[in-house]
Each structure stands twice: as structure tokens, then as C-alpha cells.
Amino acid sequence: MTMKTETRLLIADDWEDYALLDSGHLQKLERFGSQTVIRPDPQAFWEPARPVQSWKADARFVTKAQDEDGAGQWEALSPRAAESWPMRWNGLTFTARRTAFRHMGVFQEHSAHWRFAQEQIRAARRPLKVLNLFGYTGMMSLACAAAGAEVVHLDASPKSNGYGKDNQSLSGLDDRTIRWIADDAMKFVAREIRRGSKYDGIVLDPPKFGRGPKNET
């Protein structure tokens with residue numbers, strides 16, 4: 001039996017609070033809400049539209065590592081540089097923050113997936129249950145809950161789950177069902193299989209490297 005597959009190109013072009021302002025010379029200039037930042041990007045090997053020396057930003061991430069996830073530190077470039085600040089996407093409100101691994105508390109390119117998930121949930125016209133594995137700070141979980149799904153959110157980091165709960169409140173979704181669980185994804189899924197739990201949708205976004213809830217690698 002031959003299965004038909006469909007390939008769809010999803011473009012994250014639905015932001016007002018994010019913009020890629022320029023990129024090149026292994027760096028990118030981005031606007032996250034009220035803050036403009038410069039972050040390394042090993043894939044931006046082309047010439048920027050404007051000289052990098054002319055870029056204006058509130059903060060810059062500095063690291064010697066070439067790895068995309070290499071640790072480093074943030075350098076404030078303006079008096080208005082903030083550690084955290086609010087951002088919005090499609091009716092959701094969340095906190096962006098500068099982290100030690102150049103991340104911002106949100107992966108803005110994932111908005112195409114959030115939108116796709118919302119479309120599928122609303123089109124079903126019935127209650128759906130979604131399992132979000134490796135859920136980070138919860139944007140996919142919030143998007144699914146806002147569309148009407150019951151969500152089980154799992155991430156090994158209690159801190160990330162805490163940020164997710166805060167984002168749920170900021171988005172006015174405290175009345176929606178989201179279970180925030182700190183656990184190892186493989187162990188949790190094995191238990192769910194033994195329990196006979198069923199889900200209408202499962203989201204998987206594993207990191208290249210991560211630690212479990214007990215700091216295991």
C-alpha cells in the first residue's frame with residue numbers, strides 16, 4: 001500500500017513583534033518587541049545589507065564558540081537594554097528574555113507551526129487533546145490551548161515550565177487546561193503507553209543536546 005504524503009512550506013511571516021533587520025558576516029540584527037539585538041549566526045555567511053559597524057542595537061551576544069548553541073554573555077549597548085520584556089503573537093502575550101545560550105525565550109520561526117496547529121484544532125470542531133514534548137517556554141502549548149485543545153506540556157526543565165505558566169497567565173489563558181510536567185520525555189511516553197493514554201496530536205521538538213529533570217544528559 002502506497003501512502004500519499006504532502007509537503008508544505010510553512011513561513012513564519014505573521015509577526016508584528018519580531019523582525020529580521022539585517023544579517024551577514026556570521027551575525028544577525030533582530031528586533032524582538034521593544035528590544036533590538038545582535039546575535040551570532042554561523043549560517044549568515046553573506047554580505048549584510050548595511051555595514052555591521054553601523055548596526056544599532058540594545059544588546060549583543062558575545063561568544064568565542066562557533067556552535068549555534070555555544071554559551072557566552074550579553075553585552076548591553078544602550079541604556080534601554082532589558083533582561084526581559086513582553087512580546088505578543090496572535091493574541092498571546094509572553095515574556096522574551098536574554099539567556100546564556102543566545103536564545104530569547106522564544107523561537108520565532110516556530111510561529112508557522114503554532115499557526116498550523118491552531119488551524120487543525122479549529123477545523124476538527126471537537127475537543128482535542130495534544131501532547132507537547134520538549135515544550136520549552138510553552139508557546140506551542142499556549143497556541144493549542146487558545147484554539148480550544150486540552151494540552152499536556154512536558155519539558156525536563158522546571159524553569160522553562162515556570163516561564164510557560166507565567167506566559168499562560170500573561171495570555172489570559174488560566175481558564176484553559178494545560179498540565180505543566182517536568183519529566184524525561186522517553187520515560188513519560190513509556191508510562192503513557194502503559195496507561196493507555198490517547199492523544200489527538202503530538203508535537204515533537206527535541207533539542208540537539210539537553211539535560212533531564214535530574215541533570216542527566
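Predicted model: local features only at pLDDT ≥ 70, side-chain atom pairs only at ≥ 80, totals over all residues.
Student: How many salt bridges does the count come to?

Tutor: Let's start with the rule: a side-chain nitrogen of Lys or Arg has to lie within 4 Å of a carboxyl oxygen of Asp or Glu. Counted by this rule, the total is 10 salt bridges.

Student: Which residue meets K28 in a salt bridge, N to O at 3.5 Å?

Tutor: K28 sits in strand β2 (residues 27-32), and its partner lies 13 residues apart, in the loop between β3 (35-40) and β4 (59-62). Both residues of the pair are buried. The side chain that meets K28 belongs to D41.

Student: Which residues are linked with K28 and D41 in a network of salt bridges?

Tutor: Good follow-up! K28 and D41 form a salt bridge with each other. The network that holds them also includes E30 and R39.

Student: Is R98 buried or exposed?

Tutor: R98 forms a salt bridge with E83, with the closest N and O atoms 3.7 Å apart. The pair links distant parts of the chain, with R98 in the loop between β7 (92-97) and α1 (111-124). Buried means under 20% relative accessible area. R98 has a relative accessible area of 12%, so R98 is buried.

Student: And E83, is that residue buried or exposed?

Tutor: The cut-off for exposed is over 50%. E83 has 55% relative accessibility, so E83 counts as exposed.

Student: What is the N to O value for the salt bridge of D183 and R191?

Tutor: At 14% relative accessibility, D183 counts as buried, whereas R191, at 28%, is partly exposed. Their side chains meet in a salt bridge, N to O, at 2.1 Å.

Terms used. Residues numbered from 1 in each chain as written. Heavy atoms only, no water. Helix = DSSP H or I, 4+ residues; strand = E, 2+ residues; numbered from the N terminus. Buried < 20%, exposed > 50% of the residue type's maximum accessible area, 1.4 Å probe, protein only.
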